[in-house]
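Student: I would like to learn how to read a model like this. Can we take it feature by feature?

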Amino acid sequence: MTVTVGINGFGRIGRLVLRAALKNPSATVVAVNDPFISLDYMVYMFKYDSVHGRYNGSVEAKNGKLVIDGCEISVFTKKDPASIPWGEAGATYVVESTGVFTKTAQASAHLSGGAKRVVISAPSADAPMFVMGVNEAEYKPSMQPADSEGLKANQQLLENLQDLP
């Protein structure tokens with residue numbers, strides 16, 4: 001089963017999530033939202049990442065989409081998470097990686113756009129927190145959204161998303 005993912009925020013963590021998903025045949029990133037970064041700059045930052053290194057595949061902007069190794073990714077520039085059309089883009093999971101919408105009520109706004117699940121990449125004051133290899137077995141489908149602490153947890157989460165309901 002392939003999990004379809006949307007990424008809100010294309011900073012350091014958002015780019016790391018995309019790189020991890022590209023290495024995982026069970027995950028497909030279908031959309032990225034960032035109101036502060038142009039598509040051309042997304043291409044540049046992903047290709048020449050000063051933190052994660054240069055990307056060895058093809059990265060380009062084509063017809064308003066971010067295209068990586070031939071995979072087209074819809075790009076949105078919405079500030080309000082409720083207005084991002086995740087469902088139209090086909091995203092089932094949304095990784096909230098802006099560091100802004102860390103509380104459950106804030107991150108849950110992504111559900112209005114059609115997402116089914118939200119994963120918060122930063123520490124949250126009120127969302128359940130899961131660290132892969134420590135307590136991911138405690139995850140229950142009724143928990144929404146979930147907080148996945150740390151960069152390594154984001155990579156491991158993408159590797160294990162296909163196992164979640």
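Student: Start with contacts: what does Leu 66 touch?
Tutor: A contact means heavy atoms within 4.5 Å. Not counting residues up to four places away in sequence, Leu 66 touches Phe 10, Leu 18, Leu 39, Val 43, Val 59, Glu 60, Cys 71, Glu 72, Ile 73 and Val 75.

Student: What are the ground rules for these values?
Tutor: This is a predicted model: local features need pLDDT of at least 70, side-chain atom pairs count only at pLDDT 80 or more, and totals for chains, interfaces and linings use all residues. Residues are numbered from 1 along each chain as its sequence is written, and side-chain values use heavy atoms, without hydrogens and water.

Student: Which members of the largest nonpolar core touch the most other members?
Tutor: In soluble globular proteins, nonpolar side chains tend to be buried together. A nonpolar core here is a set of buried Ala, Val, Leu, Ile, Met, Phe, Trp, Tyr and Cys residues joined through side-chain atoms within 4.5 Å. Buried means under 20% relative accessible area, exposed over 50%, partly exposed in between (1.4 Å probe, protein chains only). The largest core has 26 residues, and Phe 10, Leu 18, Val 29, Leu 66 and Ile 68 touch the most other members.

Student: Which elements each supply at least two residues of this core?
Tutor: Helices (H or I, at least four residues) and strands (E, at least two) are DSSP runs, numbered from the N terminus. Strand E1 (3-8), H1, E2, H2, E6, E7 and strand E8 (93-96) each supply at least two residues of this core. H2 gives the largest share, 5 residues. Another core, of 9 residues, lies apart from this one, with Val 30, Ala 31, Trp 86 and Val 94 among them.

Student: Which residues of H2 are buried?
Tutor: Leu 39, Met 42, Val 43, Met 45 and Phe 46 are buried there. They pack against helix H1 (12-22), strand E2 (27-33), strand E3 (48-49), E5, E6 and strand E7 (71-76). Tyr 41 is also in H2, residues 39-47, but Tyr 41 is partly exposed, at 43% relative accessible area.

Student: How many bridges join E5 to E6?
Tutor: Strands pair if DSSP finds at least two bridges between them. Here 4 bridges join E5 (residues 59-62) to E6 (residues 65-68), and the strands run antiparallel. Lys 62 stands opposite Lys 65 in E6. The two strands form a hairpin with 2 residues between them.

Student: Where are the positive phi values that are not at glycine?
Tutor: Most residues other than glycine have a negative phi. Asn 63, in the hairpin turn, has a positive phi of about 55° and counts as exposed, at 71% relative accessibility. Asp 69 has one of about 50°. Asp 69 lies in the loop between E6 and E7 and is partly exposed, at 40%.

Student: Is Ala 91 buried or exposed?
Tutor: Buried, because its relative accessible area is 4%. Ala 91 sits in the loop between helix H3 (86-89) and E8. Its C-alpha atom is 5.2 Å from that of Gly 6, 85 residues apart along the chain.
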